[in-house]
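Visitor: I have a structure open and would like to go through it bit by bit. Can you take my questions as they come?
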Amino acid sequence: MRNSEIAISLLKVTKFYNKLQALDNVSFEVKRGDFFAFLGPNGAGKTTTINCLTGLSNHQSGEIKVFGYDATRDYVQSRRLIGLCAQEFNFDPFLTIHQLLVYQAGYFGILPMEASRRADALLARFQLTEKRNCKHRALSGGMKKRLLLCRALIHDPEILILDEPTAGCDLELKFLIWDYLAQLNKEGKTIFLTTHNMEEAEKLCKTIGIINHGKIVRIGDKKTVLQDKSLEAVFLEVTGAE
Ligand SMILES: Nc1ncnc2c1ncn2[C@@H]1O[C@H](COP(=O)(O)OP(=O)(O)OP(=O)(O)O)[C@@H](O)[C@H]1O
Ligand SMILES: [Mg+2]
């Protein structure tokens, strides 16, 4: 199943929060090795899609597969293939950032010595070494963003899912993250990213999917989607432009 050329597939996925329909028959595929930008205005359904994909939320109908593994039935296999960088910070307040990464690695069966080595390498890569023994409370917002990325990468997943990874980052950090993501994609990782930053989507991604009011309104290669004049109203909402 791991040989599947389709990294992520959703087929007619529907999700309700009580009476609110957050996802309405969502169907799309992300190919292995793609850099996929998932765009849409606030409340469009991007995070809900990610939550269903990663098993954090249950969908009511439809099918979600990760390299052929059903995201619900084969949860352990599918979740192992994903590194998730969530939209919000959700760190254990009692652990140092190094411990936090080692614990996360433990969920994926990585032994403590190897986990510690990986944690130190990632902390160095994201310029967090001097905060190694601090709790996450002692980190600035941009540092916490970098820690989210370290945690997503600790088990070296095939797919990286990033929910607004550069929101609130300064320019230098944004460029650091962009370079690193481009490099990871070059090395073969499949990347699924949501953003409200059109420059980010334009610079990094190969494919764009657009969701609005829980429905997919367009999927295609970057150039074709960005040239589609009929999507101007949605793009204005995505970027918050007047
Ligand atoms: N846990 C929840 N309970 C109830 N409603 C929810 C919940 N999570 C999301 N929603 C609703 O589902 C809809 C989609 O929300 P979602 O978080 O997926 O949007 P989004 O596209 O990620 O937006 P943003 O760009 O603001 O992050 C919204 O109407 C939101 O209010
Ligand atoms: Mg969101």
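Guide: Start with the strands: β6 and β7 pair in the parallel sense over four bridges. Two strands pair if DSSP finds at least two bridges between them; helices (H or I, at least four residues) and strands (E, at least two) are DSSP runs, numbered from the N terminus. This is a predicted model, in which local features need pLDDT of at least 70 and side-chain atom pairs count only at pLDDT 80 or more, while totals for chains, interfaces and linings use all residues. Residues are numbered from 1 along each chain as its sequence is written, chains are lettered from A and ligands numbered from 1 in the order in which they are written, and side-chain values use heavy atoms, with hydrogens and water left out.

Visitor: Which residue in β7 is the bridge partner of Ile82?
Guide: Ile159 is.

Visitor: And how many bridges join β7 to β8?
Guide: Five, and the two strands run parallel; β8 covers residues 190-194. Leu160 stands opposite Ile191 in β8.

Visitor: What do β7, α6 and β8 make together?
Guide: A right-handed β-α-β unit. Right-handed here means that, with the strands pointing away from the viewer, the path from the first strand over the helix to the second runs clockwise.

Visitor: Are the residues of β7 buried or exposed?
Guide: Buried, five of five across residues 159-163, so the strand is largely enclosed by the rest of the structure. Buried means under 20% relative accessible area, exposed over 50%, partly exposed in between (1.4 Å probe, protein chains only). Ile159, Ile161 and Asp163 point one way from β7, and Leu160 and Leu162 point the other way.

Visitor: OK, the core. How many residues are in the largest nonpolar one?
Guide: It has 49, and Phe126, Leu147 and Leu181 have the most contacts inside it. Helix α6 (residues 171-186) supplies the largest share, seven residues. A second, separate core has 26 residues, including Val30, Cys52, Leu81 and Ile161. By nonpolar core I mean a set of buried Ala, Val, Leu, Ile, Met, Phe, Trp, Tyr and Cys residues joined through side-chain atoms within 4.5 Å.

Visitor: What is Leu147 in contact with?
Guide: Leaving aside neighbours within four places in sequence, Leu147 is in contact (heavy atoms within 4.5 Å) with Phe91, Ile97, Leu100, Leu101, Leu123, Leu128, His136 and Leu139.

Visitor: Switching to the metal. Which protein donors does the magnesium ion have?
Guide: Thr47 (OG1) and Gln87 (OE1), lying 2.0 to 2.3 Å from ligand 2. Donors are N, O and S atoms within 2.8 Å of the metal (3.2 Å for Na, K and Ca); water is not among the atoms, so sites may look incomplete.

Visitor: Where do Thr47 and Gln87 sit in the chain?
Guide: Thr47 is in helix α1 (residues 46-53) and Gln87 in the loop between β6 (82-85) and α3 (97-107), 40 residues apart. Thr47 is partly exposed at 26% relative accessibility, and Gln87 is partly exposed at 34%.

Visitor: Last topic, rings. How many aromatic pairs are there?
Guide: Nine. Rings of Phe, Tyr and Trp (its six-membered ring) pair if their centres lie within 6.5 Å; planes under 30 degrees apart count as stacked, over 60 as edge-to-face and the rest as tilted. Phe28 and Phe192 have ring centres 6.3 Å apart and planes at 25°, so that pair is stacked. Both Phe28 and Phe192 are buried.

Visitor: Which residues form a cluster with Phe28?
Guide: Ring pairs link Phe28 with Phe36, Phe38 and Phe192.
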